[in-house]
Amino acid sequence: MEILTANQAAIAKAAEILTDGGIVAMPTETVYGLAANAKDGTAVARVFEAKGRPQFNPLIVHVADLATAETLAEFNDAARKLANAFWPGPLTLVLPRRENSGLSDLVTAGLTSVAIRVPGHPIARELLEKAGLPLAAPSANRSGHVSPTTAEHVAEDLSESVDLILDAGPCPVGIESTVLAFCEDENQPPVLLRPGSITPDNIEIATAIAPVAIGQVSNDHAPSAPGQLSSHYAPKARLRLNVDRPEPGEALLAFGPDVPPSSGPVINLSEAGDLREAAANLFSALRELDSAGCGSIAAMPIPWTGIGGAINDRLLRAAAPKR
Ligand code: TXA
Ligand code: MG
């Protein structure tokens, strides 16, 4: 395994590894992804193996542009509108997979749908262009761990099994993409499968399309939502939510200017109370507090407004009983 600063030479090397069936950790604006050629089943299998995934969850396919995405999935007008509004960027669309897409069945876990996005990170974009391949990429962590937002996080989790890590520093968004699913019936609104930095309000304001929550959808129209396990982004420590006062020796995940006294390690997600800053810091803070070995992490309340919904979603999963 090699970690290289993501300059031109490193990107060219990464493209070559991907073309030859290897796997590369690449930065995206959300989190680092573990990328493989989405048309090469053996390469995709290596991704699952590296992550130690208990089952084959379907992966997101990353492409350079909408035109390429249209060769893999069937876009209706609403999906095209969303793509035009938010790509490149942290929005994943789940759409009917084209029959002649050429994608490995492992990428879509045998489903008739495929999840696609055009990432906004300049290094991911250059890599996609240089490799000229659709890249299947889950978050580059071992299964069950929190998502990596730095190259060091990737190395901690996957050093043995990845051919190359492209290091472009911390990911600016820090939380995984918003996932929206369209079902076969074009007249149904898209369903929010995973909240992210692009919120339902952002979507409605930009496109006049109002996504519905998965809980609001009748069974007839529910898209399959594999991988939405309640315990997922788990630190080793117990995580307590909405805590005003930490217990003695407990680690504290703080938010905002008013931090209660505490005798354990403290990381403030955003002293200014800025939710975007908090999202960008969330996963590295969880990793760091977890490695302090306190056994328990207390998280202060995070407002549910804007990207706060996605932060609370990840905290709830991290706090859920481990399977
Ligand atoms: O920000 C992100 O989305 C990052 C970066 C690397 O792009 N990727 C990421 O991938 O978070 P992953 O594999 O950790 O999460 C993909 C999510 C899972 O919840 C999976 O179940 C869902 O997308 N998904 C993928 N394909 C799907 C499909 N055909 N139908 C429903 N859900 C799907
Ligand atoms: Mg993941």
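**How helices H8 and H9 meet**

User: Are H8 and H9 roughly parallel or roughly antiparallel to each other?
Analyst: In this predicted model, the axes of H8 (residues 275-291) and H9 (residues 308-319) come within 9 Å and cross at roughly 25°. Axes are lines fitted to C-alpha atoms, for helices over the stretch in contact, with angles from 0 to 180 degrees between N-to-C directions. Under 35 degrees counts as roughly parallel, over 145 as roughly antiparallel, 65 to 115 as roughly perpendicular and the rest as oblique. H8 and H9 are therefore roughly parallel.

User: Which residues of H9 meet H8?
Analyst: Contact means heavy atoms within 4.5 Å. From H8 come Leu275, Ala278, Ala279, Leu282 and Phe283. Their partners in H9 are Gly308, Ile311, Arg314 and Leu315.

User: How many residues of that contact are nonpolar?
Analyst: The contact of H8 with H9 includes one polar and one charged residue. Its nonpolar residues number seven.

User: How many helices and strands does the protein have?
Analyst: Helices (H or I, at least four residues) and strands (E, at least two) are DSSP runs, numbered from the N terminus. The protein has 15 strands, and its helices number nine.

User: What is the radius of gyration of the protein?
Analyst: It is taken over C-alpha atoms, and the globule rule is 2.2 Å times the number of residues to the power 0.38. For 323 residues the rule gives 20 Å, and the protein comes close to that, so it is as compact as a globular protein of that length. Its radius of gyration is 19 Å.

User: What box do the C-alpha atoms fill?
Analyst: The box is taken along the principal axes. Its dimensions are roughly 60 × 45 × 35 Å.

Notes. Residues numbered from 1 in each chain as written. Chains lettered and ligands numbered in written order. Predicted model: local features only at pLDDT ≥ 70, side-chain atom pairs only at ≥ 80, totals over all residues. Heavy atoms only, no water. Nonpolar A, V, L, I, M, F, W, Y, C, P; charged D, E, K, R; others polar.
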